[in-house]
Amino acid sequence: MYAEFYGLNGMPFQLTPDSRFFFGSAEHNKAMAFLNYGISQGEGFVVVTGEVGAGKTTLVDHLLSTLDSTRYICGRIVTTQLNSYDMLRMVGAAFQIFREGMDKASLVTRIRQLLTDLTTQHKRALLIVDEAQSLTTEALEELRMLSNLIVSGGSPLQSILLGQPEFRSVLSSPDLEQLRQRVTASCHLGALNEVDTRRYIEHRLKHVGWKGDPNFSEDAFAEIYRFTSGIPRRVNTLCSRLLLLGFLEEKHAIDRQMVSSVANELAAELGPLQGLGSPPPRATVLEPVRLEPVRMLAAADVDADYSREIRDLREDVLPRIVRIEQKMYQHDRAISRALDIAVKHLPAFKQ
């Protein structure tokens, strides 16, 4: 809906990774350099870690779009908890060579034959393993064993492992020493800085024909960064909701107050957008406990304490009820505005 309202030819802030929207920030360009170096080595493993939503999948998709498709075939695995044979089956399925009923020996033989055929054709196989932090030690060892398959003096299979930061802890296990020795390149994809966050937003908007409508104020960009800490997926979530609200309220300018309001609404619905930028919890200082003599309460004291608790409860609960009622009223207004606009712009509602 909002794309048409703002004259855009597509949705700029979709959550699904799309390499067409790849943005070469300082962090992403550095990661691309590591990836290209790793691929140029032609063997072993390339490891990419990053926070949830940092853009790891988009980064690798962009890398694949730059490779010569006549020289590489690619398979992709999104993992859950896999044992060693499950991993082999997933690899076979990724390269479309697994058949139901194959035992482990037959599958390894089929993978070796595929790699031999590729070598004859002067091609290489790239295996992309996403969510690698979920892999068991046994599954990672199976991948290492596959990387040891040598054809004509070389290893035609190379793996790119994508994972969240905890994957580095997984790799540090003493049981994975041999795999670590086969990592040819490794990088961590960090968050965007404040300048790149603004450039990222403008880049995605321009990709779908943005010509300044809606207009983002300077402090709006700063507020978006404050709430998202420069994590691309969080930026997409917040900006998509901002454009939706702008469409519903027929606004062509987005300011700091609007960003703050939408971010707080999202926080109420989905939890805080903030991650890296969240202020640390205030340290708690433990004071020595002082024990007071126990005193038996008289009936009058009990009544007084009870009345005080009721009064305190009323003072606490009533403002909350008022805020809830105000929020419900705002939601009703938003729905009413959406219906009014739908009737005005959508033919189906005019019948």
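His 122 is exposed, with a relative accessible area of 67%; exposed means over 50%, buried under 20%, and partly exposed in between, with a 1.4 Å probe and protein chains only. The model is predicted: local features need pLDDT of at least 70, side-chain atom pairs count only at pLDDT 80 or more, and totals for chains, interfaces and linings use all residues. Residues are numbered from 1 along each chain as its sequence is written, and side-chain values use heavy atoms, with hydrogens and water left out.

Most residues other than glycine have a negative phi, and most peptide bonds are trans. Helices (H or I, at least four residues) and strands (E, at least two) are DSSP runs, numbered from the N terminus.

| Residue | Phi | Loop |
|---|---|---|
| Glu 131 | about 55° | between β3 and α6 (137–147) |

Glu 131 counts as partly exposed, at 30% relative accessibility. The peptide bond from Asp 213 to Pro 214 is cis, with omega near 5°, and Pro 214 sits in the loop between α9 (194–207) and β6 (215–216).

Helix α12 (residues 256–270) has 15 residues and spans 21 Å from first C-alpha to last, close to the expected 21 Å, which is 1.5 Å times one less than the number of residues. Its buried residues are Met 258, Val 259, Ser 260, Val 262, Ala 263 and Leu 266. Among the elements covering these buried residues of α12 are α10 (218–228), α11 (232–248) and β7 (253–254), where contact means heavy atoms within 4.5 Å. Gly 271 follows α12 and has a positive phi near 100°.
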